[in-house]
Amino acid sequence: MRLLIVQYGGDYREAVKRFAAGGEETYYGQKYSVDAVANVGKKADEVATLCCLTEHPYNERLENGVRAIGTGFTQKIQAQKLVGLAKQFQPTHLILRTPNTAIIRWAIQSQLKILLMLADSFNSKRLRDKIRYYQLAKLLNSSQIDWIGNHGVTAGLSLANIGVNPNKIIPWDWPYEMTPHAFTTKNLQLHQETYEIFYVGLVIESKGIGDVIKAVAQLKTQGLSVRLKIAGKGDIERFKNQARDLKIENSVEFLGLVPNKMIVPLMREADLVVVPSRHEYAEGFPKSINEALYSRTPIVASDHPMFLKKLKNRDNALIFKANDPVSLAECVKELLSDPALYHSLSSSSYETLKSLQIPVKWAQLMNNWLLDSPEHKQWLFEHRLSSGQYRECPNLDNSGLYTTGIIPKLIQRTLSL
């Protein structure tokens, strides 16, 4: 068996070398996934990770036995070159951690055994994206693809909604041992000199960073002193300039990339955690929500479709309209003026975190697929989206939103123009 794992973001080689030097995780589950791939490498003839975005091209066998391949693409992926690098490895098995259609088509044509392990959602209403979803669903329904994992039940449902057969979709999660019992319920102290808002994740427009900065500026004009701490990498200079233009640069602190072990303490210190993703960002289900629940710090989140099945307004979070700084500012102001609501949201953390747990973990899905015995096939079958064990999935069928009815007819007509 020659296993190739294709991942979009992250640099597997860099992570392995950082851990070997005693470095820390930069996001939750990073070391778990790095070690899981290395353990698979002990059972296969060769395992390689192909990283779509790396600063430099490389191809080397690492100390843990895994071959690491970097494309050298820093922004835009060159599909033909990416497929060429995959071909050079001559895999028999392929795990895709990104829904790259060029690689999928090549793998189907090459009759490889294929597993997808995604952390993406498919909810855009733009025609261009609907066309892309329609084409992707047709590929994913190929008999050559064994299973399609997605991070969380809601993300799995978004695949079913674009026409992917739910009988081959398996929701997965990272192992999560933390519970909110480690912390006491938080109470709001009114009339503080300054309240602290915390964000962690990519620092890009579609994650809603600009909306939070605008909301901070608005709150300050209304006399509410808030300070925003941002942890993560991305377009930091751009948003520093935005804060400067709004004359709130002293109220926005960019921490850069911080070790994952610091995230929960930073959340615990904050007065609220904001999760402001816009709808166009293809969220699976961000671990920042789990970490905020663990810290018992109340959450103010956007109405992103991936959040709404688990986060309920005024029950376990405050929900604002995505891409709307005014709506965000109103939610923040409401939360920071209502001690009873604040206490209630903090108290609900345990039950919410418990409701997020699902049985399939990332490495389990990969290992059961690779082992390929009747017992392991049965395990996969029992954990598919349509198995009936997921409360969020009533009356699932494999008709899909984009494979039958008026929508695919319109798409087919568009594609034929």
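Modeller: Axes here are lines fitted to C-alpha atoms, for helices over the stretch in contact. This is a predicted model.

Colleague: At roughly what angle do the axes of helix H4 and helix H5 cross?

Modeller: H4 covers residues 101-109 and H5 covers residues 127-140. Their axes come within 10 Å. They cross at roughly 25°.

Colleague: Are H4 and H5 roughly parallel or roughly antiparallel?

Modeller: Angles under 35 degrees count as roughly parallel. The axes of H4 and H5 cross at roughly 25°. The two helices are therefore roughly parallel.

Colleague: Is the crossing of H4 and H5 left-handed or right-handed, and which residues make the contact?

Modeller: The crossing is left-handed. H4 brings Thr101, Ile104, Arg105 and Ile108 to the contact. From H5 come Leu136, Leu139 and Leu140.

Colleague: How do the residues of that contact divide into nonpolar, polar and charged?

Modeller: The contact joins residues of H4 and H5, among them Ile104 and Leu136. The division is 5 nonpolar, 1 polar and 1 charged.

Colleague: Where around the axis of H12 do its buried residues lie?

Modeller: Helix H12 spans residues 339-347, and its buried residues are Leu341, Tyr342, Leu345 and Ser346. They cover an arc of only 135° around the axis. That puts them on the same side of H12.

Colleague: What do the buried residues of H12 pack against?

Modeller: One partner is a strand, E14 (318-320). The others are helices: H11 (325-335) and H13 (349-355). In short, the partners are E14, H11 and H13.

Colleague: Is Lys354 buried or partly exposed?

Modeller: Lys354 is found in helix H13. Buried means under 20% relative accessible area. With a value of 44%, Lys354 is partly exposed.

Colleague: How far apart in space are Lys354 and Val153?

Modeller: The two are 201 residues apart in sequence. C-alpha to C-alpha, the distance is 14 Å.

Colleague: Which residues does Arg227 touch, not counting residues up to four places away in sequence?

Modeller: Arg227 lies in strand E10, residues 226-231. At 27% relative accessibility, Arg227 counts as partly exposed. Its contacts are Thr194, Tyr195, Glu196, Ile197, Asn250, Ser251 and Glu253.

Colleague: What is the phi of Arg314?

Modeller: Most residues other than glycine have a negative phi. Arg314 lies in the loop between strand E13 (299-302) and E14. Although not a glycine, Arg314 has a positive phi of about 70°.

Colleague: And what is the phi of Asn323 near?

Modeller: Asn323 sits in the loop between E14 and H11. The residue is partly exposed, at 45% relative accessible area. Its phi is positive, near 65°.

Technical notes
Residues are numbered from 1 along each chain as its sequence is written. This is a predicted model: local features need pLDDT of at least 70, side-chain atom pairs count only at pLDDT 80 or more; totals for chains, interfaces and linings use all residues. Side-chain values use heavy atoms; hydrogens and water are left out. Axes are lines fitted to C-alpha atoms, for helices over the stretch in contact, and angles run from 0 to 180 degrees between N-to-C directions. Helices (H or I, at least four residues) and strands (E, at least two) are DSSP runs, numbered from the N terminus. Angles under 35 degrees count as roughly parallel, over 145 as roughly antiparallel, 65 to 115 as roughly perpendicular and the rest as oblique. A crossing is left-handed if the near helix is turned anticlockwise from the far one by less than a right angle, and right-handed if clockwise. Contact means heavy atoms within 4.5 Å. Ala, Val, Leu, Ile, Met, Phe, Trp, Tyr, Cys and Pro count as nonpolar, Asp, Glu, Lys and Arg as charged, and the others, Gly among them, as polar. Buried means under 20% relative accessible area, exposed over 50%, partly exposed in between (1.4 Å probe, protein chains only). The arc is that of the directions from the helix axis to the C-beta atoms.
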